[in-house]
Amino acid sequence: MLAKKNTKQAEAEINTVIGENTTFEGIITTESSLKVEGTVKGDIRSSGHVIVGTKGFVDGNINAGNLYVAGKINGDVNVQQKTQFVSGGYLHGNIISNDISMEIGSMIDGMCKTNNGMEGLEYKSIPPKNKELPTSDDKTVEV
């Protein structure tokens with residue numbers, strides 16, 4: 001997750017902006033930060049911050065150092081550090097990131113994997129307790 005302070009700081013350091021009512025077609029490669037408020041039809045590769053603003057749309061894959069999503073992405077995402085989805089942020093594709101946070105009202109339509117050094121852990125599902133649901137006559141409820 002990108003804290004508000006970090007997001008504001010990243011926005012202040014943005015070198016490239018794809019503005020509203022602008023469409024870019026092709027591959028964007030940059031070592032600095034990028035903000036998309038228009039449309040990008042192609043891949044984005046940035047070692048810095050990528051911000052997809054509320055009116056931004058990316059139809060392609062994104063590889064970034066950090067990612068902030070308030071708009072729409074149609075493609076796969078690979079983020080080295082932190083990804084933050086705010087309300088209205090939408091991803092139709094798969095995501096790999098070290099850290100992912102999502103606000104209510106954001107959505108990922110795809111597979112999600114955190115890559116935080118826990119690849120060797122084995123997860124086991126815990127079987128549910130075999131209890132009947134309480135009826136309206138019950139005075140106590142056991143959880």
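**Values against definitions**

Student: What is the accessible surface of the chain, and how much of it belongs to carbon and sulfur atoms?
Tutor: The surface comes to about 9,300 Å². Carbon and sulfur atoms hold 50% of that. Such areas come from the Shrake-Rupley method with a 1.4 Å probe; for residues, only the protein chains shown count as cover.

Student: What kind of model is this?
Tutor: This is a predicted model, where local features need pLDDT of at least 70, side-chain atom pairs count only at pLDDT 80 or more, and totals for chains, interfaces and linings use all residues. Residues are numbered from 1 along each chain as its sequence is written, and side-chain values use heavy atoms, with hydrogens and water left out.

Student: How do you know how confident the predictor is?
Tutor: Look at pLDDT, the predictor's confidence in each residue, from 0 to 100. The chain has a mean of 82. Of its residues, 72% reach 70 or more.

Student: Where does pLDDT stay under 50, and how many contacts are there beyond four places in sequence?
Tutor: Residues 119–126 are such a stretch. The model gives them 1 contact (heavy atoms within 4.5 Å) beyond four places in sequence. Residues 138–143 are also below 50. That stretch has 3 contacts beyond near neighbours in sequence.

Student: How many helices and strands does the chain have?
Tutor: There are 1 helix and 14 strands. These are DSSP runs, numbered from the N terminus: helices are H or I over at least four residues, strands are E over at least two.

Student: What makes Ser33 count as buried or exposed?
Tutor: Take the cut-offs: buried is under 20% relative accessible area, exposed is over 50%, partly exposed is in between (1.4 Å probe, protein chains only). Ser33 has 7%, so it is buried. Of the 143 residues of the chain, 37% count as buried. Ser33 is found in strand S4, residues 33–36.

Student: Which backbone nitrogen does the side chain of Ser33 reach?
Tutor: That of His49, at 3.3 Å. A polar contact is a pair of N or O atoms within 3.5 Å; within protein, one must be able to donate a hydrogen and the other to accept it, and residues adjacent in sequence count only if both atoms are side-chain atoms. The 3.3 Å of Ser33 and His49 is within that limit.

Student: Why is the pair Lys55 and Glu20 called a salt bridge?
Tutor: A salt bridge needs a side-chain nitrogen of Lys or Arg within 4 Å of a carboxyl oxygen of Asp or Glu. Lys55 and Glu20 meet at 3.3 Å, N to O, so they qualify. The two are 35 residues apart and link distant parts of the chain. Lys55 is in the loop between strands S6 (44–52) and S7 (57–58). Glu20 is in the loop between S1 (14–18) and S2 (23–25). Lys55 has 51% relative accessible area, so it is exposed. Glu20 has 45%, so it is partly exposed.

Student: How many salt bridges does a search of the whole structure find?
Tutor: It finds 2. Glu37 forms one with Lys35, with the closest N and O atoms 3.8 Å apart. Glu37 is at 18%, so it is buried. Lys35 is at 18% as well, so it counts as buried.

Student: What makes strand S8 largely enclosed by the rest of the structure?
Tutor: Count its residues: 7 of the 8 in S8 (62–69) are buried, so the strand is largely enclosed.

Student: How do you know that S6 and S8 pair?
Tutor: Two strands pair if DSSP finds at least two bridges between them. S6 and S8 have 7, in the parallel sense, so they pair. Ile51 stands opposite Tyr68 in S8. S8 also pairs with S10 (77–85), parallel, over 6 bridges. There, Ile62 has Val77 as its bridge partner.

Student: Is Asn21 buried or exposed?
Tutor: Its relative accessibility is 78%, so Asn21 counts as exposed. Asn21 lies in the loop between S1 and S2. Its phi is positive, about 65°, although Asn21 is not a glycine.
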